[in-house]
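Colleague: I would like to learn how to read a protein model. Can we go through one together?
Modeller: Gladly. Here it is.

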Amino acid sequence: MAGPYLTVGETVEREIEVRRSRFICAVARVGAQEEARAFAAGRRRAHPGAAHTCTAFAIGGDRSPARGDDDGEPGGTAGAPMLDTLLRRGFSDTVAVVTRYFGGVLLGAGGLVRAYGRAVGQA
């Protein structure tokens, strides 16, 4: 059963820095998986030198489909915490894309989970 949810009115972008790595999160309203994928592809083109472009989205009142993509980060350290942040805050019809520029310091699995989740939360 579909329930009430939040979404964004316009595209928002925020940047955080964690141990010299830059995490740039863009959040946008989407109505279908194809729109979410197209938005992510546009972000990837806008930041060709980035190490990773990770994505999470939820569509519809029941938030299904909902997906997260780690884009080469260790499994479960990017897409899952990004999606969890969206869902915990009650968002749907929303895509979040976090672009990471590696700063030379390994963050470990826990550090990546916190950084990607925080980037989405800030946006």
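Colleague: Is Gly76 buried, partly exposed or exposed?
Modeller: Start with the terms. Buried means under 20% relative accessible area, exposed means over 50%, and partly exposed lies in between (1.4 Å probe, protein chains only). Gly76 has a relative accessible area of 37%, so Gly76 is partly exposed. A word on the source: this is a predicted model, where local features need pLDDT of at least 70, side-chain atom pairs count only at pLDDT 80 or more, and totals for chains, interfaces and linings use all residues. Residues are numbered from 1 along each chain as its sequence is written, and side-chain values use heavy atoms, with hydrogens and water left out.

Colleague: Where is Gly76, and which residues is Gly76 in contact with?
Modeller: Elements come from DSSP runs: helices are H or I with at least four residues, strands are E with at least two, and both are numbered from the N terminus. Gly76 lies in the loop between strand 4 and helix 2. Contact means heavy atoms within 4.5 Å. Setting aside neighbours within four places in sequence, Gly76 is in contact with Asp70, Pro81 and Val113. Val120 is 44 residues away along the chain, and its C-alpha atom is separated from that of Gly76 by 15 Å.

Colleague: Now the sheet. What is the order of its strands?
Modeller: Strands of a sheet pair through backbone hydrogen bonds, either parallel or antiparallel. Here two strands count as paired if DSSP finds at least two bridges between them. This open sheet has 5 strands in the order 1-2-5-3-4, with antiparallel pairing. Strand 1 and strand 4 are the edge strands, each pairing on one side only. On average, neighbouring strands are turned by 15° against each other, direction ignored.

Colleague: How many bridges join strand 1 to strand 2?
Modeller: Strand 1 (residues 12-18) and strand 2 (residues 21-29) are joined by 7 bridges. Arg14 stands opposite Cys25 in strand 2. The two strands form a hairpin with 2 residues between them. Arg19, in the turn, has a positive phi of about 45°.

Colleague: And how many bridges join strand 2 to strand 5?
Modeller: There are 8 bridges, and the two strands run antiparallel. Arg22 stands opposite Tyr101 in strand 5.

Colleague: What are the partners of strand 3?
Modeller: Strand 3 is joined to strand 5 (residues 94-101) by 7 bridges, and to strand 4 (residues 66-69) by 4 bridges. Look at Thr55. Thr55 stands opposite Val97 in strand 5 and opposite Asp69 in strand 4.

Colleague: Why is strand 3 called largely enclosed?
Modeller: Count its buried residues. In strand 3 (residues 52-58), 7 of the 7 residues are buried, so the strand is largely enclosed by the rest of the structure. Both faces are covered. On one side His52, Cys54, Ala56 and Ala58 are buried, and on the other Thr53, Thr55 and Phe57.

Colleague: How do I read a helix that packs on a sheet?
Modeller: An α-helix has 3.6 residues a turn, so residues three or four places apart point the same way. Take helix 2. Its buried residues are Gly79, Pro81, Met82, Leu83, Thr85 and Leu86. Their cover includes strand 3, strand 4, strand 5 and helix 3. Helix 2 is followed by Gly90, whose phi is positive, near 85°.

Colleague: At what angle do helix 2 and helix 3 cross?
Modeller: Axes are lines fitted to C-alpha atoms, for helices over the stretch in contact, and angles run from 0 to 180 degrees between N-to-C directions. The axes of helix 2 (residues 79-88) and helix 3 (residues 108-122) come within 8 Å and cross at roughly 35°. Pro81, Met82, Thr85 and Leu86 in helix 2 meet Val113, Tyr116, Gly117, Val120 and Gly121 in helix 3.

Colleague: One last residue. Is Ala36 buried or exposed?
Modeller: Ala36 has a relative accessible area of 0%, so Ala36 is buried. Ala36 sits in helix 1 (residues 33-46). Not counting residues up to four places away in sequence, Ala36 touches Val30, Phe57 and Val95. Ala36 and Val97 are 61 residues apart in sequence, yet 9.2 Å apart in space, C-alpha to C-alpha.
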